[in-house]
Amino acid sequence: MIKIESKLPDLGVTIFSVMSALAQKLNALNLSQGFPDFPPPPELIAALAQATQQGYNQYPPGDGLLSLRQKIAAQFCQRDQVHLDPISEITITPGATTAILCAIQAVVNAGDEVIIFDPAYDSYAPAVKLAGAQAIHINLVHPDFHVDWNVVKDRINERTRLIIVNTPHNPSGAIWSKQDWQQLIELIQDKNICVLSDEVYEHLVFDGQQHYSALSFPELRDRSFVIGSFGKTFHVTGWKTGYCVAPQALMKVFRQIYQFANFCGVHPIQVALNHFIEQHPEHILDLPNFYQAKRDLFIHGIQHSKFQYLPSPGTYFQNLDFSTLRPELTDIEMCQYLAEQHKLVAIPISVFYQQPPQDLKLIRVCFAKQEETLHLAGEILTKV
């Protein structure tokens, strides 16, 4: 018998797979996994078909289609007044998760420490462990999920090599303010610490608030990776296409890893995205209002329910507090109860933590759904 020792022995099937399978088994309304149940723009689908028919079916440049990288550079210039070299500072990747993994492998070595703010996207800690490093988990402060900067200061030491930021934040929707970034700058400006800023929901910011990218701060420009996602922006999560932006020195070591992780992204998808962005620049500009309308519709539908909530400032997720509804249940038990008794599937927030707070009574739902789906969700949750 072959004996294999897992590098990630504590990890099994993700909660997202478990809950989606439960939704299918029970024929329940699936608000768990973060993907739209509505189609992407028809022009984008047509552009993909056209790209394949026109022969863009072989390897693209390993770093990504240059014209698409130029459009990313233009976006950062317009929004953040940051001037990027699309040739040496931008790489198109097959999904944001691949970019995150490669960035961590590029700068983190065995014995290093990486600060992760919990609740956190579930790929961060395993990627750190695969690099032979230790994840240092710092809980965000509930209910608005802000950073306790005194705790961060205490946890930084000579082994700290990377701090992972996620704004807008999954699963809470919280957005880092300019003051948050300034606090981070003060703590690391004289230290050999890099920043990995996961900004895949960068365009999904509501109520007139502003998204600040790590690259918009000159003090962070030379030490930051920024990760983005076309899938989130264009309603095509299954296309698994994202990007990494970093200064030339960091991008050089990133590409050394990336070339052996995947080599390149999918050619016709890049051609289609490039064409669609060129023809429909209004799509990105309209996203905040598009998703805020869905958030507001969902919130309106549950206004008479027994759930408590703070409207999500960003992303397409909304947290619901059930502490006054079923306080005797854990969040995992609450999700099982909703699925089995009310045919609605959500995600327990505790799975995003290494050590969740004991009094945490939160579940996460996705409102990237059709209006009829959101109306039905409101009806179900109001009856709980």
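Predicted model: local features only at pLDDT ≥ 70, side-chain atom pairs only at ≥ 80, totals over all residues.
**View 1. Thr233 and the residues it touches.** Here we look at helix H8, which spans residues 230–233 and includes Thr233. Thr233 counts as buried because its relative accessibility is 4%, under the 20% limit for that class. Setting aside neighbours within four places in sequence, the contacts of Thr233 are His203, His283, Ile284 and Leu287.

**View 2. Arg79 and Asp80 in a salt-bridge network.** The side chains of these two residues form a salt bridge, with an N to O distance of 2.9 Å. Asp80 is buried at 9% relative accessible area, whereas Arg79, at 24%, is partly exposed. Glu202 joins Arg79 and Asp80 in a network of salt bridges.

**View 3. The salt bridge between Lys191 and Asp190.** In this pair, the closest N and O atoms lie 3.3 Å apart. Asp190 is exposed, with 62% relative accessible area, while Lys191 is partly exposed at 36%.

**View 4. Asp207 paired with Arg295.** The closest N and O atoms of this salt bridge are 2.8 Å apart. Asp207 sits in the loop between strand S6 (194–198) and strand S7 (224–229), and Arg295 belongs to helix H11 (residues 282–301), so the bridge ties together parts that are 88 residues apart in sequence. Arg295 is buried, at 4% relative accessibility; Asp207 is partly exposed, at 44%.

Definitions and conventions
Residues numbered from 1 in each chain as written. Heavy atoms only, no water. Helix = DSSP H or I, 4+ residues; strand = E, 2+ residues; numbered from the N terminus. Buried < 20%, exposed > 50% of the residue type's maximum accessible area, 1.4 Å probe, protein only. Contact = heavy atoms within 4.5 Å. Salt bridge = Lys/Arg side-chain N within 4 Å of Asp/Glu carboxyl O.
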